[in-house]
Amino acid sequence: MDKITFIGGGNMASAIIGGLISSGWTPSRITVVDPNADQRDRLASEHGVHTTDDVASAAAADIIVLAVKPQVIAAVAKQINADLSGKLILSIAAGVTIATLESLFGPVAIARTMPNTPALLGLGATGLHLNERASEAQHLAAKGIIEAFGICVTVEREDLLDAVTAVSGSSPAYYFLMIEEMIRSGTALGLTPEDARALTLQTALGAAAMATKGDAPEDLRARVTSPNGTTHAAIVSMQENGFGDVIAKAMTACRDRAVELGKA
Ligand SMILES: NC(=O)C1=CN([C@@H]2O[C@H](COP(=O)(O)OP(=O)(O)OC[C@H]3O[C@@H](n4cnc5c(N)ncnc54)[C@H](O)[C@@H]3O)[C@@H](O)[C@H]2O)C=CC1
Ligand SMILES: O=C(O)[C@@H]1CCC=N1
């Protein structure tokens, strides 16, 4: 049975550990390394996992999850300073490339991922790419871990993780912005902020649930849109104001920034 050590016990680690335990991992297989005693106490009491502040101890695990901020990873590699051959490193750090991880940790199997924050609710959408040193068993292990907190899409080239960042890594923020603007406009149209918020949120939830049932989004949209009715007026206004272009430009800007951060 694989043992897993998380380096960094913050929000994302906590979400992943919660998912692993719900999907059948026993807490005794899970260790969390974090210098912050409050984080360690929280994880030990919430999940019953082993915790430590000794980064070097991570070398004993079969799978090491890098769940620290990107700028901390070089220091972590120095502290581990051990031969990790045969182990799998799974990184959730945004923008840290496989080449950088190989230069820091040596010739080891690496699974680079791009998760998103709905992972906190078990509703994550995560892109995955592994280096050539990773075996099929390690690919399956990485997939199993990711599927404990949502869906996993394996992409065939590492650079496609930058597109994943645009489609799912950053995109919860696009939906939140849409929700903010709808609440603001609903309030401007006379509803109380509470009513505008309740109606907007329930509609976002309902629309997302409908869109996951299999019908194409354009068909679902057509069913709401009566000929020359109210929805038609809204959609025409959005299209005339370049809605598609706004989304395409935003996603391209996101992808380009991910490429830039990967080179930094
Ligand atoms: N695609 C996305 O939306 C998201 C991606 N991420 C990625 O996940 C990673 C973790 O993010 P969060 O959990 O939100 O961060 P966080 O700030 O909640 O947790 C980081 C943890 O690392 C600990 N830490 C700091 N230095 C350490 C060291 N030397 N050794 C061990 N632990 C150390 C901190 O005490 C803290 O508990 C980041 O690299 C981020 O890029 C996180 C959230 C969402
Ligand atoms: O905004 C960012 O840079 C990170 C990466 C994806 C989501 N948050």
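**View 1. The shell around ligand 1 draws its largest share, three residues, from helix α1.** Helices here are DSSP runs of H or I with at least four residues, strands are runs of E with at least two, and both are numbered from the N terminus. This is a predicted model, in which local features need pLDDT of at least 70 and side-chain atom pairs count only at pLDDT 80 or more, while totals for chains, interfaces and linings use all residues. Residues are numbered from 1 along each chain as its sequence is written, and chains are lettered from A and ligands numbered from 1 in the order in which they are written. In total, 28 residues surround ligand 1, and the closest are Gly8, Gly10, Met12, Ala93 and Ala94. To belong to a shell, a residue needs its C-beta atom, placed from the backbone, within 6 Å of the molecule. Both α1 and α3 supply at least two residues each. Sorted by class, the shell has 17 nonpolar, nine polar and two charged residues. (Ala, Val, Leu, Ile, Met, Phe, Trp, Tyr, Cys and Pro count as nonpolar, Asp, Glu, Lys and Arg as charged, and the others, Gly among them, as polar.)

**View 2. Ligand 2 has Ala94, Thr165, Gly169 and Ser170 around it.** That shell is made of one nonpolar and three polar residues, with no charged ones.

**View 3. Here are the residues that UniProt lists, in an unreviewed entry, as "binding site": Ile7, Gly8, Gly9, Gly10, Asn11, Met12, Ala67, Val68, Lys69 and Pro70.** They span 64 residues in sequence, yet no two of their C-alpha atoms are more than 14.4 Å apart, so they gather at one spot. UniProt positions follow the numbering used here, with shortened feature names, and annotations may be inferred rather than shown by experiment. Look for Gly10 in the loop between β1 (4-7) and α1. Leaving out residues up to four places away in sequence, Gly10 touches Gln39 and Ala67 (contact means C-beta atoms, placed from the backbone, within 7 Å). Gly10 counts as partly exposed, with 16 C-beta neighbours inside 10 Å. Lys69 sits in the loop between β4 and α3 (73-80) and counts as exposed, with 12 such neighbours inside 10 Å. (Buried means 20 or more other C-beta atoms within 10 Å of a residue's own, exposed means 12 or fewer, and partly exposed is in between, with C-beta atoms placed from the backbone.)

**View 4. Helix α5 (residues 136-147) has a buried side and a face turned away from it.** On the buried side you'll find Gln138, Ala141, Ala142, Ile145 and Ile146. They cover an arc of only 135° around the axis, which puts them on the same side of α5; the arc is that of the directions from the helix axis to the C-beta atoms. Why can residues three or four places apart point the same way? An α-helix has 3.6 residues a turn. The cover over the buried residues of α5 includes α1 (11-22) and β6 (109-114). Facing away are the exposed Glu136, Ala137 and Leu140.

**View 5. Asn81 and Asn228 are two loop residues.** Asn81 isn't a glycine, but it has a positive phi of about 40°. You'll spot Asn81 in the loop between α3 and β5. Asn228 isn't a glycine either, and its phi is positive at about 60°. The loop holding Asn228 runs between α9 (217-224) and α10 (230-240). Asn228 counts as exposed, with 8 C-beta neighbours inside 10 Å.

Methods
Contact = placed C-beta atoms within 7 Å.
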